[in-house]
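Look at the structure below before reading on.

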Amino acid sequence: MNESIRLTVDGRVVSGQKGQTILEVARNAGLDIPTLCHHPRISRTGACRICLVRVNGTALKTACTEPAADGMNVVSEDAELASVRRSILEMLLAEGHHNCLFCDANGDCEFQDLCHRYGIEEPRQPLPGRRRTTDTTSSKGLRRNEDRCVLCGRCVKACGEVQMLGVWDFTGRGDRTELTADCGGPVGESSCALCGTCAQLCPTGALTLQPVNGTAPTWETRKQTSVCIYCGVGCQIDFHTDSKGRLLYANGNENGPNNGHLCVKGRFGFDFVQHPERIRTPLVRRDGKLVEASWEEALDYAAARLSEIKAANGPDSIAGLASAKVTNEENYLFQKFMRTGVGTNNVDHCARL
Amino acid sequence: MLTTADIRKVVESYGTAREHLMLVLRDLQAMSGDNHLSTEVLKGVAQEMRLPESIVAGFVGFYSMFSVRPRARHVIRVCKSGPCHVVGASTIFRILSERFGLQPGTATPDGEFFLEACECLGVCSVAPAMMVDYDLHGNLTEERLVSILDGYRGKAASTGEQCGEETAGKAIVVNAPYPRRLLARVGHIDPTSIDSGIAAGNYSALKTVLSGMTPDQVVALVKESGLRGRGGAGFPAGVKWSFVDRKAPRRFVVCNADEGEPGTFKDRVLMEEDPHSVIEGMAICGFAIGATLGYIYVRGEYRRSIVRLEEAIRQARQRGWLGDRIQGTDFSFDLLIKEGGGAYVCGEETSLINSMEGRRGYPRFKPPFPGVAGFKNLPSNVNNVETFANVPIIVQHGAREYRSIGTANSFGPKLYCMAGHLRNPGLIEAPMGTTLVQLIETCGGLKEGSSFQFAQIGGSAGAIVGPADLELGMDFDQPLKKGLTLGSGSILVCDQSVCIVDFLRNVLSFFRHESCGQCVPCRVGTRQLYQLMDRIASGSGTPEDVEAMTTTAQIMKKASFCALGQSPIVPLQTALARFRDKLLDHCNPAHPCPVCSTGRGASKPLTAH
């Protein structure tokens with residue numbers, strides 16, 4: 001089925017499959033073509049024009065949309081392509097208000113990286129500004145500052161294609177293009193499910209996450225990958241921590257089984273982890289009061305009491321309720337324990353309630 | 001106030017599929033009483049059509065005929081595109097301001113009129129023109145303007161049964177010394193009667209095709225004829241037909257009737273005066289590519305074209321020229337009409353397809369081309385109205401005779417739309433390659449007192465040519481050799497009263513207004529170009545600004561997603577090659593330009609043609 005193809009990119013022969021784009025083939029081969037509107041988790045767009053490459057000597061094609069073909073000769077950058085990329089970056093810089101000092105994405109911004117890479121300074125042709133929507137308070141999950149928006153459309157597709165909600169779309173036309181959440185109005189009053197995918201896919205600071213435990217400069221944060229504890233799907237989460245190890249924000253790990261996606265719980269529900277009131281040991285009730293206990297003590301106590309109750313009143317006097325926060329395997333073990341250990345079919349799961 | 005029941009009723013009348021969004025919203029806007037779509041209505045439509053609200057809001061925001069703010073009972077759309085601009089559109093705006101207190105984007109206090117500046121309405125032979133509701137009014141003078149508007153007071157908005165003055169039939173230049181094939185029936189038949197058309201030859205070509213030709217023979221015939229697309233790009237139509245994927249379960253024929261290129265009105269004349277020629281051409285194409293359904297995407301402003309086509313389709317079905325088993329053969333083919341909502345970019349075939357599907361009119365990247373994945377991702381062959389109208393002529397007269405008309409590689413007759421400072425502006429059918437000067441002379445030359453300064457050929461995206469180019473043969477290839485393009489075949493002739501800088505500012509404001517905004521170079525570039533030209537026109541520009549415009553337009557040419565962003569370099573570069581000194585003169589504040597300095601271009605006295 002898969003037809004393999006060979007093409008030349010920057011003098012190197014690389015191979016790929018028919019149906020792949022030039023960008024996919026090049027990136028698989030470890031070659032770098034800059035992009036801005038492209039994201040592997042959403043459909044092809046081809047709007048920012050940053051990834052223009054030279055195909056077969058003359059034609060400029062967007063690597064993110066152009067199908068790779070057998071025998072193709074691709075040049076990923078030359079003087080003309082670099083000048084086109086610089087012009088596009090300058091245009092974007094002139095169009096928005098990118099004040100990095102005050103931007104949540106400073107240091108973690110694909111647009112900023114590209115401007116550094118191509119040595120962009122003040123745009124040669126400033127554009128008298130037209131301020132777009134800023135709304136950093138209405139939503140519990142999202143901060144929106146469209147003055148930093150490059151209109152790449154990743155958020156629109158993140159919501160429409162990944163979360164399948166379609167909260168975002170573009171409205172207006174031409175240089176009046178802007179985002180709309182539902183029919184307009186604050187995003188906090190929209191049908192947003194707070195999954196945060198749009199903010200995770202935003203290449204700039206136009207859409208960012210509300211802080212859960214405070215903020216820190218992005219260059220002082222460290223990424224630690226973990227597994228979400230909320231359900232059996234087992235989404236991988238990249239937790240970003242500050243220099244003191246405090247958990248600041250969470251992104252879906254793009255390589256995890258969740259393909260980078262998170263729900264509202266995984267995205268924002270981690271403030272309990274380092275909360276001072278978090279229960280850190282088992283608690284056993286003594287004299288009417290819950291007191292800290294060791295695991296051995298707590299398990300012994302529970303086993304003893306369950307045995308007593310079973311002996312006195314029979315196994316059907318005991319019921320077990322399992323949690324969606326544990327894995328399928330653990331849920332299996334739990335029902336096995338209830339059926340064979342305790343001897344009752346009184347077992348249920350919170351997801352059924 | 002529209003109720004949920006109203007919204008439900010309208011949605012039910014078309015269906016809940018997304019492709020009906022345009023007509024659902026159009027009807028609801030007309031029902032609102034003040035020509036707008038409230039947030040509640042948008043939410044209601046989203047709910048009834050089971051679409052995310054953002055999609056409905058984004059759709060409405062894209063098309064300029066919709067408004068989310070209340071307007072007034074009647075919407076006045078005054079054309080500000082080149083052909084109207086050079087004959088005094090700014091005077092119309094001045095009169096509306098003085099006599100009615102109307103500025104673009106405002107309403108009269110009594111809620112009667114709302115004024116909008118719009119782009120070309122396709123009645124350039126009677127410029128300056130305006131549209132009130134769906135009614136067109138041309139040859140405007142101050143007295144006429146006032147009396148026309150007074151006639152609307154207190155009346156309900158028309159929704160298209162009466163479409164204002166008859167313009168298309170009168171748009172043809174009489175006494176042109178060329179044989180008429182495309183326009184043979186125009187003016188001689190009753191376009192609302194299929195019998196009248198059939199008596200004059202409509203459907204005889206389809207009859208020939210159905211009585212013995214194979215689809216491959218039809219494709220071969222069109223290839224052999226050398227017919228090239230009349231929308232502007234000049235791609236060989238037969239080759240395009242042969243690219244249509246035959247393996248897919250269904251295919252579509254799509255007619256591009258989104259005639260938005262300023263100065264172009266040829267398709268309107270064909271649709272309004274000889275609608276069956278378009279239907280016949282599409283049916284032949286359907287037979288050739290194995291399609292059973294076709295769509296005509298007509299721009300929303302062309303109300304009369306839509307009404308005439310609807311009636312023509314109805315009559316054609318009745319007489320068995322459309323529908324199941326046409327004329328008792330095995331071939332079935334039917335047509336439906338789609339409407340535009342005011343967006344020039346939808347003339348780009350992939351934008352048009354997106355618009356047909358109820359989406360924002362963003363162009364799609366190619367490949368895949370529409371012949372492989374078009375409307376609803378099925379193979380779709382898109383041709384222009386005039387291209388389809390050529391097909392019956394080719395079938396009737398044969399490829400050889402067709403190739404005897406015109407010039408090398410540009411065969412057949414061509415419709416030229418003549419506008420500007422001409423004695424008799426209008427539509428001319430002439431062989432491909434007819435020279436500019438011949439076309440101008442056919443219009444009786446320039447108006448009295450006018451002398452030729454320059455012309456823009458091919459619409460706003462077209463080149464500026466000077467007196468030295470008058471011998472240029474107007475076909476696909478001869479202009480190309482000089483870095484010019486034929487485009488849609490419109491020719492806007494400008495006399496000495498027009499300032500090239502003001503003219504270019506007008507052209508660039510058009511691109512800025514019509515850029516879809518999807519890709520960066522076009523979205524930002526069109527705005528930069530307009531601002532630079534505006535600065536030069538207002539006397540505060542510098543020679544560096546002139547160079548900066550060229551640089552920007554060149555980047556746009558290289559990097560833009562579709563032809564819209566790749567186009568501004570054409571008028572700019574051709575104008576600079578001929579009028580660089582005039583641009584530089586404007587950069588000298590000691591010599592303010594009398595035309596540009598008024599801010600809105602020439603304020604000319606209006607004279608009836």
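How many residues does the contact take from chain A and from chain B? The model is a predicted one. In it, 37 residues of chain A and 36 residues of chain B make up the contact. On the side of chain A that touches chain B, strand 4 (59-62), helix 2 (79-95), strand 8 (168-171) and strand 9 (178-181) of chain A each supply at least two residues. Helix 2 of chain A gives the largest share of that side, 7 residues. By residue type, the side of chain A that touches chain B divides into 18 nonpolar, 12 polar and 7 charged residues.

Next come the domains. The domain assignment of chain A lists domain 1 (4-77), domain 2 (131-268), domain 3 (279-313) and domain 4 (317-353). Between the C-alpha centres of domain 1 and domain 2 of chain A there are 28 Å. Where these two domains touch, 9 residues of domain 1 of chain A are in contact with 12 residues of domain 2 of chain A. On the domain 1 side, the residues divide into 5 nonpolar, 3 polar and 1 charged.

Last, consider helix 1 (residues 4-14) of chain B, whose buried residues are Ile7(B), Val10(B) and Val11(B). These residues cover an arc of only 95 degrees around the axis, so they lie on the same side of helix 1 of chain B. In general, an α-helix has 3.6 residues a turn, so residues three or four places apart point the same way. The buried residues of helix 1 of chain B pack against helix 2 (21-31) and helix 3 (39-48) of chain B. On the other side of helix 1 of chain B, Ala5(B), Glu12(B) and Ser13(B) are exposed. Just after this helix, Gly15(B) has a positive phi of about 115 degrees.

Terms used: Residues are numbered from 1 along each chain as its sequence is written. Chains are lettered from A and ligands numbered from 1 in the order in which they are written. This is a predicted model: local features need pLDDT of at least 70, side-chain atom pairs count only at pLDDT 80 or more; totals for chains, interfaces and linings use all residues. Two residues are in contact if their C-beta atoms, placed from the backbone, lie within 7 Å. Helices (H or I, at least four residues) and strands (E, at least two) are DSSP runs, numbered from the N terminus. Ala, Val, Leu, Ile, Met, Phe, Trp, Tyr, Cys and Pro count as nonpolar, Asp, Glu, Lys and Arg as charged, and the others, Gly among them, as polar. Domain bounds come from an automatic or database domain assignment. A residue is buried if 20 or more other C-beta atoms lie within 10 Å of its own, exposed if 12 or fewer, and partly exposed in between; C-beta atoms are placed from the backbone. The arc is that of the directions from the helix axis to the C-beta atoms.
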